[in-house]
Amino acid sequence: MHTTLRIRRFNPEHDRPSSYYQEYDLEIDPSDSILDGLIKIRETIDDSLTLRCSCRGAICGSCGMRINGHATLACKTKMISMASEGGTIQVEPMNNMPVIKDLVTDMAPFWSKIRQIQPWLQPQGLPPTAEYTASPESMSHLSGVMSCIMCGVCVSDCTVLEVDKTFVGPAALAKAYRFVADPRDAATSQRLTSLNQPGGMWDCTRCMECIQVCPKGVGPMDRIMALRAKGLAEKVPSTCGSRHAEVFTDIIKHKGILDEPMLAIRTFGLKNIGRLLAMIPMVIQSVFKGKVPPSGPLHRPIPGIQHIQRLFKQVRIK
């Protein structure tokens with residue numbers, strides 16, 4: 001199989017370092033992985049190509065990179081799945097992390113955010129004589145999140161981190177859930193209060209990129225949603241994020257349709273004049289773009305609202 005790898009290169013030792021693309025033509029077996037192709041380039045064509053790899057079996061997570069626009073593990077991605085005969089495959093370093101050289105990124109910011117959520121068990125009381133134990137039943141639901149190999153792929157494609165570097169990120173939040181949901185941990189309230197702050201669990205926009213790219217099926221966004229539910233159940237101090245979720249649900253329950261002006265007002269609060277005034281330009285743009293519904297900015301309950309309210313009652317009973 002003939003293919004072309006278009007690789008984004010970066011050499012910090014140049015006088016004026018900047019990234020550029022370089023293409024390599026390869027004859028490979030269709031069953032070869034992207035990592036196989038990169039190693040072949042390094043060993044037979046260009047020994048200056050720099051990449052990071054180790055196990056070659058999707059276990060260590062060190063070969064994370066962006067392939068055709070999405071982050072993944074190069075060792076797990078087959079050539080044939082990325083391009084047909086004669087096609088071009090684009091390979092780039094992971095996003096949202098500083099590039100050290102070529103396809104190697106600096107993982108220091110990633111590990112800093114992992115440490116931020118205190119990823120260790122915090123039990124209470126006197127330590128046991130042997131070890132802290134938990135029943136298999138109480139831990140079985142954590143098997144998925146404990147499959148995380150800390151590859152950083154979800155962080156690479158997180159759309160929030162592209163605009164807000166203070167966001168703790170999907171990998172750290174999934175790891176936080178692993179301890180919040182652990183029956184042996186006694187710091188649930190403190191953890192949830194910390195994650196309730198700006199940059200925490202409420203800043204996720206649910207773009208689902210982390211779910212799409214995770215090579216181990218951890219589902220970071222699902223864990224973030226579970227953290228939010230636990231935070232509401234624990235009644236952690238109200239924030240714009242938690243109020244948005246509660247108000248959204250309440251409006252649908254009573255009107256059957258989303259009343260966006262009321263959602264903003266009740267989320268930020270009438271006392272938050274500055275935040276409400278800052279939304280005026282967006283409101284004006286919405287009017288000119290025809291985004292305001294025919295019924296006007298305020299919605300009345302839809303016909304048959306009693307059926308939606310009955311669903312809410314059934315869910316609460318369950």
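**Salt bridges in this model**

Let's start with Arg-9. Arg-9 is buried, at a relative accessible area of 5%; buried means under 20%, exposed over 50%, partly exposed in between (1.4 Å probe, protein chains only). This is a predicted model: local features need pLDDT of at least 70, side-chain atom pairs count only at pLDDT 80 or more, and totals for chains, interfaces and linings use all residues. Residues are numbered from 1 along each chain as its sequence is written, and side-chain values use heavy atoms, without hydrogens and water.

How many salt bridges does the structure hold? The count is 11, each being a side-chain nitrogen of Lys or Arg within 4 Å of a carboxyl oxygen of Asp or Glu.

Back to Arg-9. Its salt-bridge partner is Asp-46, with 3.2 Å between the closest N and O atoms. Arg-9 sits in strand 1 (residues 2–9), and Asp-46 in the loop between helix 1 (34–44) and strand 3 (64–67), so the pair ties together parts 37 residues apart in sequence. Helices (H or I, at least four residues) and strands (E, at least two) are DSSP runs, numbered from the N terminus. Asp-46 is buried too, at 14% relative accessible area.

Next pair. Asp-250 bridges to Arg-266, closest N and O atoms 3.1 Å apart. Asp-250 belongs to helix 10 (residues 240–255) and Arg-266 to helix 11 (residues 260–268), so this bridge ties together parts 16 residues apart in sequence. Asp-250 is partly exposed, at 26%. Arg-266 is also partly exposed, at 36%.

Third pair. Lys-255 and Asp-259 meet in a salt bridge, 2.6 Å from N to O. Both residues are buried.
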